[in-house]
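Trainee: I'm new to this one. Could you show me how to read its features, step by step?

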Amino acid sequence: MADVIRTATRDAYGKALVELGAIDPNVLVLDADLAAATKTGMFKKAYPDRFIDCGIAEGNMIGVAAGLAASGYTVFCSSFAMFAAGRAFEQIRNSLGYTHLNVKIGATHAGVSVGEDGASHQCCEDIGLMRTIPGMTIVNPADDVEARLAVLAAAKTQGPVYLRFGRLAVPRVFDENYRFEIGKGVYLNEGVDVTIIATGLLVERAVAAVELLKARGISAALINMATIKPLDREIVLDAAKKTGCIVTAEEHNIIGGLGSAVAEAVAETLPVPVLRVGVEDAFGRSGPALELLDLYGLNAEHISDAAVRAVAMKNSL
Amino acid sequence: MDQSKKQRLKIEAVKIRQGIIESTYRAKSGHPGGSLSIADLLSYLYFHEMKIDPAEPKKADRDRFVLSKGHAAPALYAALANRGFFPVEDLKTLRKTDSYLQGHPNMNYVPGVDMSTGSLGQGISAAVGFALASKRQGDLFRVYAVLGDGELEEGEVWEAAMFAAAKKLDTLTVFVDNNNLQIDGSLEEVNSPEPIPEKFAAFGFRTIVIDGHDFDQIEVAIEEAKRTKDQPTAVIMKTVKGKDVSYMENQVNWHGAAPKDEQYQIAMNELDAILKALEA
């Protein structure tokens, strides 16, 4: 595995913005004094006249983005997930959601994999917050390939889009043939006993979990669910029908995120056991990202154990 | 300002006030006090100053207006209706379930509304975004925003003010409806943002204090704002909450309460008398 390419999705975001800037002169990028960390600094370097630093004032940045979008621009604005979805939630809800303006929120540093900065900067609540806003699209890419495609697709989508990126370099999952579409889940593996539905950096860990399960005699299907909203209910229903139990995996609070979205869809269509792997209603803490992912149970072993429990639940019904 | 123009703007201001009373009376709710206090400014902006066209409400080079104190929607709706953006008769549907005239302005429902507002502090940020867009397009249009004085207690106002001055957004003019009353009482009783002119000046604004019911002073302030380069302008308007309805003037309880039958009649009679005197 020495030749595996590792890239943080925030890096792919910065590169994709530069690519987009060359195609579309109507794109403006805003940041709140974090351009070096969110990687919008790449766009700033390439197109300084189309980059606007709003300073450490996230609420105002969202409002400025609204005014620019209402004047015809396609606006990307960035901060850490905590300060975008968290601090500026109400500005996003009223100035972007209610207006349905064409603003894309590039939120980086999502989840506990922020690492040493600790809980104040580790947002595991953003998907839950954004999901409750009518008309909001939420995309949580798994690797650099998908992150790039998500940025390009978001630019073509009218209305607000929340793009969720990570700080940690993660292994590439997809090759150049990968086709991405907002609102569509994708089977990465077929299986008969259980379906794992994963998003973001948990996708690569779910791929490893499928192998662990094989060794334990369980055939697991795997779905990559990059778009959390609108949720691909068809593929969720398909998984419930085919395997009769589901495990979700995400770097987010198990309350309000992908697990909740999948459980809601399953409960309303074909109720089967749904077990959620994620941060179990806790705050993060300081430490190396990889250690934290293990500490919070966001790894292949934990997903695999949950899958075994889900199969047992299904069989006991 | 010549007398005939001033006469015409005063008449339009009375009509806006009549629209405020009519719509909030029919709605049995709404915010007449802080709507009446900005009627003269809206008359000046919508019937004299702004480059707008009711036939093309989304025209790219139109001047923008953001009612950051969105609860004064009855005043904005009355100005837009009288200016021809939609039928005056529709003002009677304010706040009704099947109406497009929401309690606070929605840009996607109402012709002539440039930004949805209502959550205090957010409108000025959007106005700053418009001004930034104008600057990028060679000062294509001017941007006007109206804030309440109580609204200045929101931190986002000052984030926006800092940004507007730092980016030298000279097409932006911010009006503060300084009627000195907010929901829970006077500014002083609640959490005073005074001294307001000094704060805007310290944030880098050209700052002008006027009587917000004097059309000559409104004109002087706006002309000065248009001449000002490299900095935004703040016009602090000393106003009377509930202006021109005797029992509402300077009464905090008319911030968010609608007139009942008898009160409605008194208000309309008073405004009719003002209108007749102006037309005589």
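Mentor: Let's start with burial: a residue is buried if 20 or more other C-beta atoms lie within 10 Å of its own, exposed if 12 or fewer, and partly exposed in between, with C-beta atoms placed from the backbone. Helices (H or I, at least four residues) and strands (E, at least two) are DSSP runs, numbered from the N terminus. Now look at strand E4 (residues 74–80) of chain A, which is mostly covered: seven of its seven residues are buried.

Trainee: Before we go on, what kind of model is this, and how do I read the labels?

Mentor: It is a predicted model, where local features need pLDDT of at least 70 and side-chain atom pairs count only at pLDDT 80 or more, while totals for chains, interfaces and linings use all residues. Residues are numbered from 1 along each chain as its sequence is written, and chains are lettered from A and ligands numbered from 1 in the order in which they are written.

Trainee: Back to E4(A), then. Which strand does E4(A) join through six bridges?

Mentor: Strands count as a pair if DSSP finds at least two bridges between them. E4(A) is joined to strand E5 (residues 103–108) of chain A by six bridges, and the two run parallel. There, A:Phe76 has A:Lys104 in E5(A) as its bridge partner. E4(A) also pairs with E2(A), again in the parallel sense, over five bridges, and A:Val27 stands opposite A:Thr74 in E4(A).

Trainee: Now the inside. Which residues have the most contacts in the largest nonpolar core?

Mentor: A nonpolar core is a set of buried Ala, Val, Leu, Ile, Met, Phe, Trp, Tyr and Cys residues joined through C-beta atoms within 7 Å. The largest one here has 201 residues, and those with the most contacts inside it are A:Ala65, A:Ile196, A:Ala206, A:Ile246, A:Val247, A:Ala307 and B:Val128. Domain 1 (6–171) and domain 2 (186–316) of chain A both contribute residues, so this core lies between them. Those domain bounds come from an automatic or database domain assignment.

Trainee: What is A:Ile196 in contact with?

Mentor: Two residues are in contact if their C-beta atoms, placed from the backbone, lie within 7 Å. Leaving aside neighbours within four places in sequence, the partners of A:Ile196 include A:Ala206, A:Val247, A:Ile303 and A:Ala307. A:Ile303 and A:Ala307 are among the buried residues of H13(A). That helix covers residues 300–316 of chain A, and what covers its buried residues includes strand E10 (194–198) and helix H9 (202–215) of chain A.

Trainee: How do the two domains of chain A meet?

Mentor: Their centres, taken over C-alpha atoms, are separated by 26 Å. In the contact, 28 residues of domain 1 meet 30 residues of domain 2. On the domain 1 side, helix H7 (126–131), strand E6 (137–139), helix H8 (144–156) and strand E8 (169–171) of chain A each give two or more residues. That side divides into 14 nonpolar, nine polar and five charged residues. For these classes, Ala, Val, Leu, Ile, Met, Phe, Trp, Tyr, Cys and Pro count as nonpolar, Asp, Glu, Lys and Arg as charged, and the others, Gly among them, as polar.

Trainee: And which helix of chain B gives the most to the side that touches chain A?

Mentor: The contact takes 19 residues from chain B and 22 residues from chain A. H5(B) gives the most to the chain B side, with nine residues. By class, that side has ten nonpolar, six polar and three charged residues. As for H5(B) as a whole, 13 of its 15 residues are buried, so the helix is largely enclosed by the rest of the structure.

Methods
Expected span 1.5 Å × (residues − 1).
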